[in-house]
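Below is a short briefing on a predicted model.

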Amino acid sequence: MTQDILMKNDEPTTPTNDASRNQLNQYCATAKAASGTQLLDVVRQVLEAPAIYVFGELLALPNVQELKNGPNEKYFNTLNLFAYGTYKQYRQKPDDYLDLTPTMQKKLQHLTIVTLAIKNKCIPYEVLLEELEINNVRHLEDVIIEAIYADIIHGKLFQNNRFLEIDYAQGRDIPPGYTTKIAETLEQWVESCNTISNCIDGQITRANYEKAKSLKNKEHIEEEIINLKKVLKTQISDNDDAMQIDTRESSSMDIRRKPFKTKGGRLHNPSLGSHRSPAQKKSEAPSGSMNYLN
């Protein structure tokens with residue numbers, strides 16, 4: 001059975017982003033008026049603070065920038081690493097940075113997970129183990145869960161499939177000069193959107209043309225059907241009239257030509273009249289009548 005760990009938003013978390021930003025602003029206000037050892041202490045406190053995961057505002061202060069070219073260069077490098085870098089970068093050149101306390105080290109690992117989460121929403125355990133330089137899966141899962149409780153990522157651990165699925169990742173500081181790259185990326189995105197929009201407009205135009213053409217053909221066909229019905233109706237009416245005339249003429253001729261029998265069994269046709277000889281007429285005389293003819 002797959003054992004998955006889902007971290008929900010209602011689980012305990014560290015202070016909200018607003019509270020973290022207020023805390024960072026307090027450190028920045030303190031650092032702005034500090035110098036020497038006091039400034040270095042502020043930098044260390046920010047690196048140790050569990051709720052602070054952005055450092056750009058502090059890094060931009062003029063007196064902090066001055067640390068870059070002096071004996072305290074490692075403070076600037078370490079603060080710059082936490083703002084933009086990863087744990088693997090620290091391990092590649094540890095002499096360029098301060099010796100990290102366990103709290104700083106864990107925090108940098110959390111920031112590394114955030115960097116990976118921004119680039120990929122599904123992170124295999126193998127990638128995490130390599131980037132964080134952890135050789136124990138159980139230790140890796142503990143670090144991930146701590147990052148989720150810190151509210152810098154939200155996600156789900158698929159232990160059997162060995163990957164982390166990211167639902168949310170907090171943003172990190174933007175490196176100097178990176179805004180130009182972001183602007184270029186946005187311009188490319190806008191151009192792609194315009195190209196897609198133009199393609200969609202062309203498809204809509206063609207679809208409307210085909211629709212209008214289809215409607216016109218439909219109307220033409222309907223008109224032809226109506227005209228054909230009218231022609232058929234006229235032909236049927238003419239045929240019916242012709243059949244009625246033929247029927248009346250045939251009936252009239254039959255009546256004129258057909259003989260019928262009269263009383264006494266003789267055929268009679270009124271149209272032909274009566275054609276009898278004098279002998280026939282004499283024989284038809286009543287039997288009781290007197291014959292005055294010799």
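The predicted model holds zero disulfides.

**Largest pocket**

- The largest pocket holds about 450 Å³ of space.
- Its lining is made up of 18 residues. Tyr84, Thr115, Ile118, Lys119 and Arg172 lie nearest the centre of the pocket.
- Helix H5 (73-84), helix H7 (102-119) and helix H10 (178-257) are the elements that give two or more residues to this lining.
- With five residues, H7 gives the most to the lining of the pocket.
- By residue class, the lining has eight nonpolar, six polar and four charged residues.

**Largest nonpolar core**

- In soluble globular proteins, nonpolar side chains tend to be buried together.
- Here the largest nonpolar core has 56 residues. Those that touch the most other members are Phe55, Ile113, Leu128 and Ile153.
- H7 supplies the largest share of this core, with seven residues.

**Contacts of Ile153**

- Which residues does Ile153 touch, not counting residues up to four places away in sequence? They are Ile113, Val114, Ala117, Ile144, Ala147, Ile148, Leu164, Ile166, Tyr168 and Ala169.
- Ile113, one of the residues touched by Ile153, is also among the core residues that touch the most other members.

Conventions: Residues are numbered from 1 along each chain as its sequence is written. This is a predicted model: local features need pLDDT of at least 70, side-chain atom pairs count only at pLDDT 80 or more; totals for chains, interfaces and linings use all residues. Side-chain values use heavy atoms; hydrogens and water are left out. A disulfide is a pair of cysteine sulfur atoms within 2.5 Å. On a 1 Å grid over the protein atoms alone, a cavity is a set of points where a 1.4 Å probe fits but cannot get out, and a pocket is an open set with protein on both sides within 12 Å along at least five of seven lines; lining residues have an atom within 4 Å of a point. Grid points are joined across faces, edges and corners, and a volume is the space filled by probe spheres set on the points. Helices (H or I, at least four residues) and strands (E, at least two) are DSSP runs, numbered from the N terminus. Ala, Val, Leu, Ile, Met, Phe, Trp, Tyr, Cys and Pro count as nonpolar, Asp, Glu, Lys and Arg as charged, and the others, Gly among them, as polar. A nonpolar core is a set of buried Ala, Val, Leu, Ile, Met, Phe, Trp, Tyr and Cys residues joined through side-chain atoms within 4.5 Å. Buried means under 20% relative accessible area, exposed over 50%, partly exposed in between (1.4 Å probe, protein chains only). Contact means heavy atoms within 4.5 Å.
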